[in-house]
Amino acid sequence: WSEPDVFAKTGMRGLDAMLHGGLRRGECVALAGSAGHGKSSLAIQLALEAARSGGVAIYCTAEMAPDEILARATAREMFTLADTRGAGWAVGFGEVLRGHHLEGRTITSDTVQTEVLQRYIDAREVLHRAVYPRFIVRPLAGGATIADVAELVAAVRAHLDGFAGLVVLVIDPLQRLFASEMGARSGKALEAVNANETERVSAVVGELKALADAQNLAAVFTSDTTKASASGVSVGDGLELRGSYQLAHLATVILTMRTDIDAQQLAKRTEGLAGALDEDTIRRSAPTWLRTRADAGKLGARYALLHCAKNRNGPPASFAMGFVPGAGAFVEGEESTPSTSPSKAKTKAPKTKAPTFVTHLSPMDSKRVADAIIANTKTEPVEENDTP
């Protein structure tokens, strides 16, 4: 109790309250749901917010290129900086990834083009100053194991230089990893484990929990649900994760995700869950502009419900918010109290010393256009590395 309480905020009041402050050492948080409901978007947002609050985030992806991760981060920041009246042009991560926001292919108004470019410069400056020095993106090659991830964590640790904050490791998705060679699990025995999805996932999640404990880091991983759960045939409480019961057993927190453009339909789909929310609560938990902001509508605005099916530190509960898929942004409503009922005690995150290492990021913009824009602004340009 005399030691500092180290955690990384998630940037969401409801989730921080449920986790008693945020992500913590030794925890394994599962983000589960069927395809298209925002698991990767939420995982990216948690990593970005962990870095923003003073932690170090390592994002390991087996499905997306690093450029796409950074494009999603940029689009989310641009959306956050935009006018909430929605008068500006809708900038999605697809436009950012392909540079369309700089080239003006779909923008006919010079006024809007200027607004979008300035918003991009502002977002880029914020990310390079407050997030990217502590946000590391690494792709996972085919056949990657937790042993490979552990080597990456060790390399990052070697550069932390006395860093006392939290390291948050994100794996997206866990099912793409393979079991590591360990003791008698080698040769044909290892091949047999990796040939069976249930045994492979059991081994991987066990290794991940051991890594989180040994390295004092918080692990977040995405996971598909079973086919029965995704189709609605199963009536489980969100603990039916694809591959192995060990996922549900070893995870500290399991968040299942459901989204819908209609709050009433979302409420109906979650009836029977512990801590289920009604339609009115779901609507109030999202920002008031969710259904009226023009750019949010163009980017696919919808309601999202996160159900905490398992929490070792508290009872099952649910909370809702808005979700803008095109911007990869989960946004809470304006009310001060979250839509769930965990403890309301507030805990201040400790001040931590920033690490001294430099993250090498691949460039996300057109150099010709971006350099010309930056040269004409009063904002001092942020140095960036061209090494991918």
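The expected span of a helix is 1.5 Å times one less than its number of residues; helices (H or I, at least four residues) and strands (E, at least two) are DSSP runs, numbered from the N terminus. The model is predicted: local features need pLDDT of at least 70, side-chain atom pairs count only at pLDDT 80 or more, and totals for chains, interfaces and linings use all residues. Residues are numbered from 1 along each chain as its sequence is written, and side-chain values use heavy atoms, with hydrogens and water left out.

**Exercise 1.** Determine what span helix H7 should have, and which of its residues are buried.

*Solution.* Step one: helix H7 covers residues 146-157, which is 12 residues. Step three: Ile146, Val149, Leu152, Val153 and Val156 of H7 are buried (under 20% relative accessible area, with exposed over 50% and partly exposed in between; 1.4 Å probe, protein chains only). Step four: these buried residues line one face of the helix, because they fall within an arc of 110° seen down the axis of H7 (the arc of the directions from the helix axis to the C-beta atoms).

**Exercise 2.** Identify the elements against which the buried residues of H7 pack.

*Solution.* The partners are strands E4 (56-61), E5 (135-139) and E6 (167-172), together with H9.

Terms used:
Contact = heavy atoms within 4.5 Å.
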